[in-house]
Amino acid sequence: SGESGIGKTQIALEYAYCYKDEYRAVLWAKANSPEILMSDLVSTADALNLPEKSDSDQGRVVKAVKQWLQSHQSWLLILDSIEDKDVEKIYNFLLKECTGDILLTTRTQIVEENVVNLFLIDPMDKEEGIALILQRANILEAKEPITHASEQNQIEAEAIVNEMGGLPLALEQAGAYIK
């Protein structure tokens, strides 16, 4: 959980990449709204090659996906960008009886502990943000300390970090623009 631009989706992607070998299936669904989630679950039926994948009734297709999630183990389902009001509703509808691992990304920070384990993602600290901008702008090499940049570049990068609130996505874009 974290504010927009904090990097929740990127963290979910990195997790999926790093741990893909521990799962028999890694599934991804956008959950910005119930309609988008429904559409992505229909696509999931196709990815899982379920017999119902071509059914014109989306409800039956989603039910087949739910049954697959309930009857199989060792899978990861990433539900990206769940709106605050939908977290518990989606849990009760889709996830309550599932046996795999589920990673949710959301901006909400208030969810019942019995529903999810919450990990808050904070903005980058000043030094991390400065390093990101200077590396993305090709002023520094990867892993090179910020002290290798000129004092003026450090001051300007710090001003950008402060202006962008330490949000990684904004800092990445600022560094790309500078480059």
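This note covers helix packing and salt bridges in a predicted model.

1. Because the model is predicted, local features are taken only where pLDDT is at least 70 and side-chain atom pairs count only at pLDDT 80 or more, whereas totals for chains, interfaces and linings use all residues. Residues are numbered from 1 along each chain as its sequence is written, and side-chain values use heavy atoms, with hydrogens and water left out.

2. Helix H6 (residues 151–164) packs against helix H7 (residues 168–178) at an angle of about 140 degrees, the axes lying 10 Å apart. Helices here are DSSP runs of H or I with at least four residues, strands are runs of E with at least two, and both are numbered from the N terminus. Axes are lines fitted to C-alpha atoms, for helices over the stretch in contact, and angles run from 0 to 180 degrees between N-to-C directions. H6 and H7 are therefore oblique to each other, a class left over once angles under 35 degrees are called roughly parallel, over 145 roughly antiparallel and 65 to 115 roughly perpendicular.

3. The crossing of H6 and H7 is right-handed, meaning that the near helix is turned clockwise from the far one by less than a right angle, with anticlockwise giving a left-handed crossing. On the H6 side the contact (heavy atoms within 4.5 Å) is made by Ile160, Val161 and Met164, and on the H7 side by Ala170, Leu171, Ala174 and Ile178. By class, this contact of H6 with H7 has seven nonpolar, no polar and no charged residues; Ala, Val, Leu, Ile, Met, Phe, Trp, Tyr, Cys and Pro count as nonpolar, Asp, Glu, Lys and Arg as charged, and the others, Gly among them, as polar.

4. Ala174, placed in helix H7, is buried at a relative accessible area of 15%, where buried means under 20%, exposed over 50% and partly exposed in between, with a 1.4 Å probe and protein chains only. The C-alpha atoms of Ala174 and Leu132 are separated by 9.7 Å, although these residues are 42 apart along the chain.

5. The axes of H5 and H7 come within 7 Å and cross at roughly 30 degrees, and this crossing is right-handed. Gly129, Leu132, Ile133 and Arg136 of H5 meet Pro168, Leu171, Glu172, Gly175, Ala176 and Ile178 of H7, and the contact has six nonpolar, two polar and two charged residues.

6. Arg136 belongs to helix H5 (residues 126–136) and Glu172 to helix H7, 36 residues apart. Arg136 is partly exposed at 27% relative accessibility, and Glu172 is partly exposed at 29%.

7. A search of the whole structure finds five salt bridges. Among them, Asp40 pairs with Lys30, the closest N and O atoms being 3.4 Å apart, and the pair links helix H2 (residues 34–47), which holds Asp40, to strand S1 (residues 25–30), which holds Lys30. Asp40 counts as buried at 13% relative accessibility, whereas Lys30 is partly exposed at 40%.

8. Asp55, Asp57 and Arg60 are linked in a network of salt bridges. Within this group, the side chains of Asp57 and Arg60 meet at 3.6 Å, N to O; Asp57 is partly exposed at 30%, and Arg60 is partly exposed at 47%.

Note on methods
A salt bridge is a side-chain nitrogen of Lys or Arg within 4 Å of a carboxyl oxygen of Asp or Glu.
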